[in-house]
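User: I am new to reading protein structures and would like to go through one step by step. Could you take my questions in turn?

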Amino acid sequence: MSGAALGIEIVVVFFLALFLLQRYGDFKKQQRMVLFGTLLAWYLCFLIVFILPLDVSTTIYKQCLIDHEAHAQTPSVSPVLSNQTTPNTSISPSKSVCYKPWSYIPDGIMPVFWRVVYWTSQCLTWLLLPFMQSYARSGGFSITGKIKTALIENAIYYGTYLLIFGSLLIYVAVHFQWHLSWYELQTIGITAANTWGLFLLVLLLGYGLVEIPRSYWEVSRQGHLLIKTYFKAAKLMTEKADSEENLEDVMEEVRKINESIKYNHPLRKNVDTILRKCPVEYQEKMGRNIDDCEDFDDKQNTHPTERSLSKLHKQVIYAVQRHNRTRVQWQILLEQAFHLEDVAKNETSTSRQFVHSFAPPEPVGWFRRYIYTPSVEWYWECLLKQWFYRVLSVVLSLFSMAVVWSECTFFSTRPVLSLFAVFIQLAERDYNYLYIEMACFITIFFLCTCVYSTVFRIRVFNYYYLASHHQTDAYSLQFSGMLFCRLTPPLCLNFLGLIHMDSAISHQAKEQTAYTSIMGSMRVLSFIANGFYIYYPMLIVILCIATYFSLGARCLNLLGFQQFMGDNEMTSDLIDEGKELLQRERRKRQRIEDGQNRRREWRERYAQSDEIAARNRMSIEFCKEAVIFIPSFLYTEAKYTRSSSQTGRDSIELLQDAEPLDFIDETLNDDPLQSEPGRYLSMSSSRSRIFDDV
């Protein structure tokens, strides 16, 4: 099994990152470079999180070997080293035996692996992703133009880094008492990057530790969640109307430029590129209004420049993306609101069968037909779901309190106050590597969930916003990749500090993990290792208290950004507005569904009549063809009498299921014999008119 666990996790993490990117990105429309950069950034960050527990268990095994080698020098101790895998039993192995973990990674693999992963992620977050971000957001019409725009936008960004780095080099060169090697300069760079990441990490972690348990508790309160959905509906409708208005304004500008620049203008190909980015209905409308018969006139000075077209191209991309996003989010919010209203109605149902207000858009599959039946759905939605989320919220709250306590006490090694360090050391005594790996994975997974979920939730106006259902733009995808690459290394170092596996913080002479070894010794900058890394995480207590009392939301509400506040008059008005909007949408959807049901019933009711009518038409066509073979003397008799052909006409009447053939009204001209309108067959003026249609 040596190295097999590492290979399996590498493959699993790749598909996990690919799944998340498929949920938030759009593989069909977005550029391949954007998707590849984001996928690589997410993949490397998730890989660090999943592989780090294996590094911890391997390090504990190496520490066991070192301890036994140290005791072997004493004659009274003769340890036995074993290479067999730890048995999956609860019995503690002998203290004198070091069992190799099932996921043991051979020497030399992990340092190279961590070095490649870390430096690749740092190159992405500080160099490539900012450039790709500007490149994707650029409105240029060629690769050269986009690269030029990206370099200009990042000139200040890269210039600042070069200025800081150059200043540090000059400072080191002037002070001769500082003899820093390349390794120490590298450590200073890593420390600076981790310090910046830790500063942002504590802010995001303090919010997530409180907000995640509270969000699950709110999900268990169906009434509160429905009211909050009404509030979201009112805000989203305002944003949706604003996006539609913005799109109309941009399309009006495109229409004017489309009419002013003719087919033989040098910039016409750029206008065509802009038109292809517009919605289909606007493309058709502009295509009908354009007049390519007029030639380009060089004397006119009203034509836009290439720079103005690039700016318009950028506006079109942004307006279309925002309009599509708000439209999809509105439909998703409607489905959520209708479902919550259905749950509120079904809670008082005596039949214990969950009834939906609207039929599902897709046909019912085997899962809902045989397993998730209406009865099972009722018990889950109306009884079990709320208790499940309440228990989950309590468990997550206890976990959050353990994290807060450990963040404030992880620097204490005697006695050990960090709860996670206590759990790992207890398992280390029994060499229970499976428990060690599971405890490490659950802990670091919870920390990553608190941090990454905050990254997915935050929204910086309309410039950064991660929206599911393929509605995230390229700028937001790459910005999230940058944040992940900057937050993950300090997050892992913080986790190693919580379990006392980082000697720079615990000050213990223990075997270091391979991940810590590539970070270098933090003792080069002692004021950071002994000060900032230890005392700054304590601010998480203040941030958790501020998040619990919603101080951030209250400040935003005072600044004019409406937030959900239960005791606010503006919140109540938005809730009422959202409720009216959803009632209007419900009535609209109900009318559409009623119309579809009526058409379906009409088709089912008259399907048999349609078959009879089809047979009647076939019979009538046969009668028309048979008229040719009727002898002429029969028509002579029909000129004076009706009774001679009454039987045949009665048959035609029954087949046609229409008015009698004796009298043909002006509005009914379906007689196979094509008689004169308003006349009886026996009163036909001439014999030849009978054969007009023949």
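The questions and answers below concern a predicted model.

User: With which residues is Trp114 in contact, leaving aside its neighbours within four places in sequence?

Analyst: Trp114 is among the residues that touch the most other members of the largest nonpolar core. Once neighbours within four places in sequence are left aside, the residues in contact with Trp114 are Ile48, Ile51, Leu52, Asp55, Ala514, Tyr515 and Ile518.

User: Are the axes of α6 and α19 parallel, perpendicular or oblique to each other?

Analyst: Two packed helices are described by the angle between their axes and by the distance between the axes. Here the axes of α6 (residues 182-220) and α19 (residues 540-548) come within 8 Å and cross at roughly 45°. Because angles under 35 degrees count as roughly parallel and those of 65 to 115 as roughly perpendicular, the relation of α6 to α19 is oblique.

User: Which residues of α19 make the contact with α6?

Analyst: The crossing in which α6 passes α19 is right-handed. On the side of α6, the contact is made by residues including Val202, Leu205, Leu209 and Arg214. On the side of α19, the residues that make the contact are Ile540, Leu543, Cys544, Thr547 and Tyr548.

User: Is Tyr431 buried or exposed?

Analyst: Tyr431 lies in the loop between α13 and α14 (433-457), and this residue has a positive phi of about 55° although it is not a glycine. Its relative accessibility is 12%, and since the cut-off for a buried residue is under 20%, Tyr431 counts as buried.

User: How does Arg352 count by its relative accessibility?

Analyst: Arg352 is found in the loop between α10 (306-346) and α11 (366-371), and it has a positive phi of about 55° although it is not a glycine. At a relative accessibility of 38%, Arg352 counts as partly exposed.

User: What is the percentage of helix in residues 33-52?

Analyst: According to the unreviewed UniProt entry, the annotation "transmembrane region" covers several spans, including residues 33-52. The end C-alpha atoms of residues 33-52 lie 29 Å apart. The span is 0% strand, and its helix content is 100%.

Technical notes. Residues are numbered from 1 along each chain as its sequence is written. This is a predicted model: local features need pLDDT of at least 70, side-chain atom pairs count only at pLDDT 80 or more; totals for chains, interfaces and linings use all residues. Side-chain values use heavy atoms; hydrogens and water are left out. Helices (H or I, at least four residues) and strands (E, at least two) are DSSP runs, numbered from the N terminus. Buried means under 20% relative accessible area, exposed over 50%, partly exposed in between (1.4 Å probe, protein chains only). UniProt positions are given in the numbering used here, feature names are shortened, and annotations may be inferred rather than shown by experiment. A nonpolar core is a set of buried Ala, Val, Leu, Ile, Met, Phe, Trp, Tyr and Cys residues joined through side-chain atoms within 4.5 Å. Contact means heavy atoms within 4.5 Å. Axes are lines fitted to C-alpha atoms, for helices over the stretch in contact, and angles run from 0 to 180 degrees between N-to-C directions. Angles under 35 degrees count as roughly parallel, over 145 as roughly antiparallel, 65 to 115 as roughly perpendicular and the rest as oblique. A crossing is left-handed if the near helix is turned anticlockwise from the far one by less than a right angle, and right-handed if clockwise.
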